[in-house]
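Trainee: I'd like to learn how to read a protein model. Could you take me through one, feature by feature?

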Amino acid sequence: MGMAHHKTDHRKSPEHGSPAKKAPDPFSLRGFLKTLGPGLITGAADDDPSGIGTYSQAGAQLGYDIGWTMLLTFPLMVAIQEISARIGRVTGKGIGGNVCEHYPAWVLNIIVALLFIANTINIAADLAAMGDALKLLIGGPGFLYVLVLGVVSVVAQIFLDYARYSAVLKWLTLSLFSYVAALAVTKVSWSEAIHGIAVPSVQWNSAFLTTLVAILGTTISPYLFFWQASQEAEDQRVDDRKQPLAEKHYGAKEEFRRIRADTMVGMAFSSLIALSIIITAAATLNATGTTDIETSAQAAEALRPIAGVFAEFVFALGIIGTGLLAVPVLAGSAAYAIGEGRKWTVGLARKPREAAAFYGVLALSAGIGILLNFTPISPISALYWSAVINGVLAVPVMVLLMIMVRRHDVMKRFTIDGPLYWLGWLSTVAMAVCVIAMGIGFFV
């Protein structure tokens with residue numbers, strides 16, 4: 001801290017003792033890319049192997065006509081993720097820490113229990129898809145790959161240096177471009193695809209409504225809120241120049257601009273990849289009558305006879321890459337939520353001995369996810385229940401977030417209003433409608 005004060009004093013004008021004006025830095029693409037972090041990784045993790053399965057299924061069943069949903073979900077994703085990030089940056093705590101401080105203990109306990117269960121099931125399903133994808137590429141035992149990939153994901157989180165680990169996650173986002181490559185080698189009816197994106201088409205039947213609910217539930221997931229908020233708090237903790245904006249408000253405008261740019265890029269990237277998967281599935285699987293796709297690995301395998309070995313290869317490769325990105329985010333978001341709620345020492349930047357309980361939860365979540373693949377439980381049916389739990393959890397968490405951002409005792413001078421606030425509520429209402437529709441579909 002002393003060094004930071006020394007730096008500030010050194011920049012003062014000798015005549016007046018006031019801070020010298022600094023010329024704005026010219027725009028640099030490399031510099032901009034360096035500012036991307038929590039938002040970009042969150043957006044990429046949204047397209048996890050389970051999500052890839054959902055988008056493949058949507059394209060296979062409904063063709064190009066479902067593409068417009070990506071335009072619908074984009075502003076809703078941006079709003080709720082930016083709100084989550086602002087909470088982390090302003091308060092210096094993740095969502096779990098803020099719920100612990102400002103709400104009754106039973107609210108926190110229910111939220112973290114549901115989050116842990118849903119994330120663990122999701123980890124199991126993602127690892128199953130990764131194992132199947134690797135088996136497609138090189139043959140061999142899929143269960144062994146599940147074990148190896150799961151252990152690698154956990155060990156990297158616990159033992160890699162935080163700065164290096166963050167860089168690894170950023171590089172892993174590039175694996176998602178494999179879906180753009182798969183799209184590039186696919187024969188697409190672009191007039192139909194563009195029409196499907198630009199002109200909303202709604203079918204009033206259970207298959208369409210179920211797919212719509214699945215897409216919204218995939219793009220707006222509770223673990224993403226927790227992860228981005230906690231990562232903003234973590235990035236602030238490891239940077240000696242930064243403090244929570246609630247305590248030191250200088251530079252808030254620049255920080256909020258960075259958060260918005262980071263979130264918009266991350267969610268745009270997520271939506272682009274999802275759209276690429278939908279169009280690829282529509283152009284290949286739907287066009288040939290293959291509509292019974294359940295998993296991302298099945299989608300990759302089904303591409304071979306239609307779009308060729310290369311399309312299958314890059315599709316399968318993307319499943320592994322995004323899984324290596326998503327599993328740590330799923331395990332990490334649960335560990336942050338529980339650790340902050342229990343007021344433990346948390347953070348991926350800390351050594352394992354400094355945050356043993358935090359890393360213990362992270363390892364436990366991933367470990368149970370690995371073990372579920374060695375039980376009679378089907379990862380596909382488990383994923384369905386994970387979606388149900390996520391839907392049930394998302395709405396109350398989003399309502400809490402929207403109330404929290406208007407509380408002066410939480411956000412100080414940085415309470416949120418205007419278009420961002422109302423978009424956040426629109427996202428919450430859309431998710432609530434999804435949950436009601438899912439409940440009706442479950443009981444009918």
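Trainee: Which residue forms a salt bridge with Arg86, and how far apart are the closest N and O atoms?

Mentor: A salt bridge is a side-chain nitrogen of Lys or Arg within 4 Å of a carboxyl oxygen of Asp or Glu. Here the partner of Arg86 is Glu82, with the closest N and O atoms 3.2 Å apart. Before we go on, this is a predicted model: local features need pLDDT of at least 70, side-chain atom pairs count only at pLDDT 80 or more, and totals for chains, interfaces and linings use all residues. Residues are numbered from 1 along each chain as its sequence is written, and side-chain values use heavy atoms, with hydrogens and water left out.

Trainee: Where do Arg86 and Glu82 sit in the helix?

Mentor: Helices (H or I, at least four residues) and strands (E, at least two) are DSSP runs, numbered from the N terminus. Both residues belong to helix α5 (residues 69–91), and being four residues apart there puts about one helical turn between them.

Trainee: Are Arg86 and Glu82 buried or exposed?

Mentor: Buried means under 20% relative accessible area, exposed over 50%, and partly exposed in between (1.4 Å probe, protein chains only). Arg86 has 13%, so it is buried, and Glu82 is buried with 1%. For the whole protein, 53% of the 444 residues count as buried.

Trainee: What does the salt bridge of Glu255 and Arg89 link?

Mentor: Those two side chains meet at 2.6 Å, N to O. The pair links distant parts of the chain: Glu255 is in helix α14 (residues 252–284) and Arg89 in helix α5, 166 residues apart. Glu255 counts as buried at 12% relative accessibility, and Arg89 is buried at 3%. Both belong to a network of salt bridges that links Arg89, Glu232, Lys242, Glu255 and Arg258.

Trainee: How many salt bridges turn up in the whole structure?

Mentor: A search finds eleven. One of them joins Asp409 and Arg407, with the closest N and O atoms 2.7 Å apart. Here Asp409 is partly exposed at 40%, and Arg407 is partly exposed at 23%.

Trainee: What ring does Arg407 lie over?

Mentor: A charge sits over a ring if NZ of Lys or CZ of Arg is within 6 Å of the ring centre and within 35 degrees of the ring normal. Arg407 lies over the face of Tyr103, at 5.4 Å from the ring centre. In another case, the charged end of Arg406 sits over the ring of Tyr421, 4.4 Å from its centre.

Trainee: And how do I read two rings together?

Mentor: A pair of aromatic rings is described by the distance of the centres and the angle of the planes. Rings of Phe, Tyr and Trp (its six-membered ring) pair if their centres lie within 6.5 Å; planes under 30 degrees apart count as stacked, over 60 as edge-to-face and the rest as tilted. This structure holds nine aromatic pairs. In one, Phe143 and Phe374 have ring centres 5.4 Å apart and planes at 40 degrees, so the pair is tilted. Phe143 lies in helix α8 (residues 142–159) and Phe374 in the loop between α17 (356–372) and α18 (379–404), so the pair ties together parts 231 residues apart in sequence.

Trainee: Which residues form one aromatic cluster?

Mentor: Trp227, Tyr336, Phe358 and Tyr359 do.
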